[in-house]
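Please examine the sequence and the three-dimensional structure shown below.

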Amino acid sequence: MRSVLLAAAFAAGTVTCSGAALAQGSDALQWLQRIYSATERLSYTGTFVYQHGEQVETSRITRIVDASGVHERLETLDGTPREIVRVNEEVKCYLPQTMTLKIDRQLDTRPFPAMRADPRALAEHYTIRKAETERIAGHDCQAIVLEPKDKLRYGHKLWADVATGMLVKAKTLNERNEVIEQFAFTQLQIGGRIGKDQVKSRFAGKGRDWRIESTGMVPADLAQHGWLLGPLPAGYRKVTEMRRNVGASTDVGHIVLSDGLAAVSVFIEPLTSKTPQTPLGLSRLGAMNLYIRRVHEHLVTVVGEVPAESVRLIANAVEHRRPQ
Amino acid sequence: MKEQLSAMIDDAASGPECEGCVKRLKSDPEFRATWDVYHLIGDALRGHTGLDVAARVRARLDQEPTVLAPGALRRPRRRPAWYALSAAASIAAVALVGWMALPLFDFSSAPVPPQASALAVEAVPTAQGVGDYLLAHQRFSPSLAIGGIAPYIRTVAEESGTR
């Protein structure tokens with residue numbers, strides 16, 4: 001009788017434990033949902049630092065959501081001024097040093113699929129849990145940890161404002177738990193009065209002599225032209241594909257893959273005399289890894305904030321077959 | 001003016017520029033706030049966000065005995081006070097020096113070679129001339145999901161970094 005009782009108690013204990021872990025996980029998922037909805041619906045203005053490797057940069061971001069839609073402006077405060085202004089689906093990148101204005105706009109009116117992380121799909125590839133609470137830039141924040149279940153993606157730690165869900169700090173960690181990039185607000189005002197002039201570019205009227213580069217994105221089916229993706233690393237699936245301009249290269253095929261959090265882009269362009277002479281193989285920039293190879297007289301460039309192994313596997317999955 | 005302030009913090013400002021900054025620091029509260037923020041940023045980056053230099057200096061000064069009768073006892077009483085003040089000031093100085101030692105804030109210079117970073121164990125070369133690809137990619141990158149343009153911070157940082 002005693003042993004039965006013990007066994008029952010033990011079983012009950014086990015159930016409670018895993019139940020608690022489950023509840024903890026779903027609580028963390030709810031926090032992620034909160035972060036995503038907060039970053040979409042809130043108006044805010046603040047100064048943040050972005051760090052990757054040994055480099056650090058301070059920027060100011062302002063976002064206003066009103067009846068006319070979303071207005072955002074991001075301005076670097078260090079070094080040469082650079083500015084990005086977004087009005088709904090149109091993103092303009094002002095680079096005064098080279099007097100270049102890059103315009104990112106859809107030519108087609110069909111919207112791109114939402115490129116937002118899907119918290120439920122995330123749980124398949126990341127262990128998500130709540131961590132400590134901490135005060136950052138004057139806001140009480142809840143930390144959320146996303147630990148990858150394999151070596152094909154990076155880990156993340158996010159800090160969200162307890163009151164609003166706004167993301168106040170984020171870190172990306174590699175497999176050795178080293179920080180490879182992070183951003184943190186040092187000052188942040190959520191809601192309240194934010195002047196419309198804060199989301200207007202200070203270069204807007206001066207752009208007459210500037211070189212304008214448009215991305216000219218149009219949806220495309222690259223498989224029709226023989227471009228296929230073989231088996232992909234676990235969890236990554238195709239999200240969208242298009243034809244577009246990339247810098248001076250026109251008619252570049254662009255496939256976007258994602259595991260629900262991290263994104264990887266595959267660019268495919270014909271090799272011409274104008275193709276930039278970039279070294280083949282693996283290279284890195286901050287949290288971004290790149291893998292470049294040649295396939296069927298084309299240059300294939302794979303870019304993503306994922307481990308080197310993932311960009312390599314994805315690059316090697318690109319193949320060309322003569323269209324039927 | 002903010003550029004001059006930044007230059008002064010980086011020890012790269014000329015004499016007249018410094019003078020102008022100091023004058024304005026005295027008269028302009030907003031400018032002083034910017035100065036504070038620049039230093040706060042430095043602290044934040046070094047993970048010292050909890051370190052409130054001003055508060056610590058105040059705390060050190062509060063611990064000092066108040067000199068009630070400085071006349072006759074001036075010499076012996078003053079010395080410890082001076083030392084304590086110096087120690088408190090040195091905390092602020094360390095913060096300032098640490099800030100100036102940060103090899104930062106000029107992305108127009110060449111990118112840091114990979115061997116300088118802790119991540120360079122596998123000796124992967126630093127990507128060059130790929131700014132256009134990064135910019136093209138960032139629109140679709142959901143991972144740093146602060147607003148719609150925040151993922152571009154990587155690109156904008158890179159844009160001048162590879163030049």
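Does Cys141(A) count as buried or exposed? Cys141(A) counts as buried because its relative accessibility is 1%, where buried means under 20% relative accessible area, exposed over 50% and partly exposed in between, with a 1.4 Å probe and protein chains only. Cys93(A) counts as buried as well, because its relative accessibility is 5%. This is a predicted model, in which local features need pLDDT of at least 70 and side-chain atom pairs count only at pLDDT 80 or more, while totals for chains, interfaces and linings use all residues. Residues are numbered from 1 along each chain as its sequence is written, chains are lettered from A in the order in which they are written, and side-chain values use heavy atoms, without hydrogens and water. Over all chains there are zero disulfides, a disulfide being a pair of cysteine sulfur atoms within 2.5 Å.

Chain A has three helices and 21 strands; these are DSSP runs numbered from the N terminus, helices being H or I with at least four residues and strands E with at least two. Of its 324 residues, 53% count as buried. Among contacts in chain A between residues at least 6 apart in sequence, 50% join residues at least 24 apart, a contact meaning heavy atoms within 4.5 Å.

The lining of the second largest cavity comprises seven nonpolar, four polar and five charged residues. Here Ala, Val, Leu, Ile, Met, Phe, Trp, Tyr, Cys and Pro count as nonpolar, Asp, Glu, Lys and Arg as charged, and the others, Gly among them, as polar; a cavity is a set of points on a 1 Å grid over the protein atoms alone where a 1.4 Å probe fits but cannot get out, and lining residues have an atom within 4 Å of a point.
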